[in-house]
Each structure stands twice: as C-alpha cells, then as structure tokens.
Amino acid sequence: MFSKQEQRSWIKIECARGRTARQCHQEACGDSALPYRTVARWVKAFNEGQQTVADMHRAGRPSVSEEVHTVAALVDIDRSQTIRELAHETGLAHTTVLRILKERLGMRKIASRWVPHELTEMQKWMRYDAAQTHLDRYESEGEAFLRRIVTLDGPHRTSQN
C-alpha cells in the first residue's frame, strides 16, 4: 500500500515520461490507487509546472483536524473561555465548537473551566495519594484531624421571606 505522497511522486515521474492521466491511473498502485479524477488533477498540475508533491492548497472550509487543533490551542491558552468566545475567535459555529470540545477533545465544563473528561493516570495517582494521606492522618489523629479541616462552598444566598 503506497501513501498518497508516494503515488504523487510516481505520477510526477510518469508525467515527465509523457504519460497521460489515463495511463498513470491504469498503472497506479493497485487497490490503494488514487481516484482517476485525483490522478488527472495531479497530471494537469505537473504538466503546468507544479514541482511539489505536497497537498495543494484549496480554498473553502478548513479540514476538521485544523479546526480541532485551533480550538485545542485556544483552550490550552485559557480554559475558562466560553463556547461563544471560542466560536467568535475561530469563526466556527457554536455547535461545531461544542462538538469539537466534547467529542473530539473529550472535554467538559467544570467550575467554569474546560477540563478533560477523563483523569490522566498521574491525576488518578495524585488523588489516591491525597486520599491515603488524609485517611492515615485520620487514623492516627482521630476527630482532632477532622476539626482542623476547613471547607468552602462558595457564597451562599439567603432567601428572605
């Protein structure tokens, strides 16, 4: 099985030998051959002087991988950005940004930050270690350890009836 770039190199050599798009396609790399229209487009490009076998730049919507990399880079810079802000910065639709974050990057919003949905092995071990340390201290110090723990739950609103 030959890569697209290897097939393009072969097409370029065959063009230099004077072969047509049809001849190149018929002799191309077996089952993994590029479609005829693609071969014809490359033959035309090589005959018009194209030198490189790298992907041709195409106008239009960027590939999904470019979109994913762009969103991932923005989230890495500031995890507290909203979907609306990310959509505005990337020029993508709100639903596209949401799909990329949830399905492609496996993230979800927790406490106003985008975080990976799954914990890494290191994060799991750090949580285990912290829990084990607390358990050991509770076993050795008892209720005195619990009395020194301070918890915060954010501002509370009281309803006045």
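This is a predicted model: local features need pLDDT of at least 70, side-chain atom pairs count only at pLDDT 80 or more; totals for chains, interfaces and linings use all residues.
User: What makes the pair R19 and E14 a salt bridge?

Analyst: The side chains of R19 and E14 come to 3.6 Å, N to O. The cut-off is within 4 Å between a side-chain nitrogen of Lys or Arg and a carboxyl oxygen of Asp or Glu, so the pair qualifies.

User: Why is E14 called buried?

Analyst: Its relative accessible area is 4%. Buried means under 20%, so E14 falls in that class.

User: And why is R19 called partly exposed?

Analyst: R19 has 29% relative accessibility.

User: Which accessibility class do R137 and E141 fall in?

Analyst: R137 has a relative accessible area of 36%, and E141 has 32% relative accessibility.

User: What makes R148 and E141 a salt bridge?

Analyst: The side chains of R148 and E141 meet at 2.0 Å, N to O. With the limit set at within 4 Å, the pair is a salt bridge. Salt bridges that share partners also join E14, R17 and R19 into one network.

User: How many salt bridges does this rule give?

Analyst: The count comes to five.

User: Which residues of the largest nonpolar core touch the most other members?

Analyst: They are V71, V75, L86, V97, L101 and W114, out of 13 residues in that core. The elements giving two or more residues to the core are α4 (64-77), α5 (83-90) and α6 (94-104). Of these, α4 gives the most, with four residues.

User: What is V75 in contact with, leaving aside its neighbours within four places in sequence?

Analyst: V75 is in contact with Q81, L86, L101, M107 and W114.

User: Which residues belong to the other core?

Analyst: That core lies apart from the largest one and has eleven residues, among them I11, L34, V43 and V53.

Note on methods. Residues are numbered from 1 along each chain as its sequence is written. Side-chain values use heavy atoms; hydrogens and water are left out. Buried means under 20% relative accessible area, exposed over 50%, partly exposed in between (1.4 Å probe, protein chains only). A nonpolar core is a set of buried Ala, Val, Leu, Ile, Met, Phe, Trp, Tyr and Cys residues joined through side-chain atoms within 4.5 Å. Contact means heavy atoms within 4.5 Å.
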